[in-house]
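Thanks for coming. I will go through one structure, strand by strand, and then turn to the space between its parts.

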Amino acid sequence: MITLNVNGRAHQYSDDENMPLLWALRDILNYTGTKYGCGKGLCGACTVHLNGQPVRSCATPVAAVNGQKITTIEGLSNDGEHPVQQAWQTLNVPQCGYCQSGQMMSAAALLANNPTPNDEQIEQAMSGNICRCGTYERIKKAIHLAADLSTTTANAADLAVDVGATGKKGA
């Protein structure tokens, strides 16, 4: 028996251990936000996070993720308020939209590891995600906006912590 910890919820899995994680997520657990692209881990459409790092779910067997923390696009936030999701909406990034969940998962992992990436770092981190519509410039702008939104959110969170129980900043 394999335990798939998806978006904070444990699922018991007893099917084929060699099944790609993508199909377990989509067909068995009904997390359909993760998309099938090439089936060979080359296009990034199927990107999910495994313990916070981006992986290609089409090339990752279920047996390899037993008990580990898996996050899909559905788990990025409960209400679409993740800075990456906000930036994507603000800048109308998607064209056909098919690759965008994988793009957003790679972008979220990038920002978690590097909160203020430059253009070169964004291009490097996103180079494994292919968009047939060519939305790369909008994706880059959205990642910069998400970084700005994250900083703003982090500052707001810091301020809330500073205010603490007394209601006075720095108290």
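A term to begin with: two strands pair if DSSP finds at least two bridges between them. Helices (H or I, at least four residues) and strands (E, at least two) are DSSP runs, numbered from the N terminus. What you see is a predicted model, in which local features need pLDDT of at least 70, side-chain atom pairs count only at pLDDT 80 or more, and totals for chains, interfaces and linings use all residues. Residues are numbered from 1 along each chain as its sequence is written, and side-chain values use heavy atoms, with hydrogens and water left out.

Now the sheet. Five strands make an open sheet with mixed pairing, in the order β2-β1-β5-β3-β4. The edges are β2 (9-13) and β4 (53-56); each has a single partner strand, so one side of each has no neighbour in the sheet. On average, neighbouring strands are turned by 40° against each other, direction ignored. For angles, axes are lines fitted to C-alpha atoms, for helices over the stretch in contact; angles run from 0 to 180 degrees between N-to-C directions.

β1 and β2 are antiparallel and share five bridges; L4 has H11 in β2 as its bridge partner. These two strands form a hairpin with two residues between them, and N7 in the turn has a positive phi of about 55°.

What does R56 touch, leaving out residues up to four places away in sequence? The list is G41, G44, C46, T47, S106, G128 and N129, where contact means heavy atoms within 4.5 Å. R56 and G102 are 46 residues apart in sequence, yet their C-alpha atoms are 8.9 Å apart.

L50 stands opposite I70 in β5. Helix α1 (residues 21-28) packs on the sheet and touches β1 (2-6), β2, β3 and β5, its direction making about 75° with that of β1. Helix α3 (residues 100-113) lies across β3, β4 and β5, at about 35° to β3.

Last, the pocket. Where does the largest pocket lie? Domain 1 (2-75) and domain 2 (83-161) both give residues to its lining, so the largest pocket lies between them; the bounds come from an automatic or database domain assignment. A pocket is an open set of points on a 1 Å grid over the protein atoms alone, where a 1.4 Å probe fits, with protein on both sides within 12 Å along at least five of seven lines; lining residues have an atom within 4 Å of a point. Of the 14 lining residues, A45, Y98, C99, I130 and R132 are the closest to the centre of the largest pocket.
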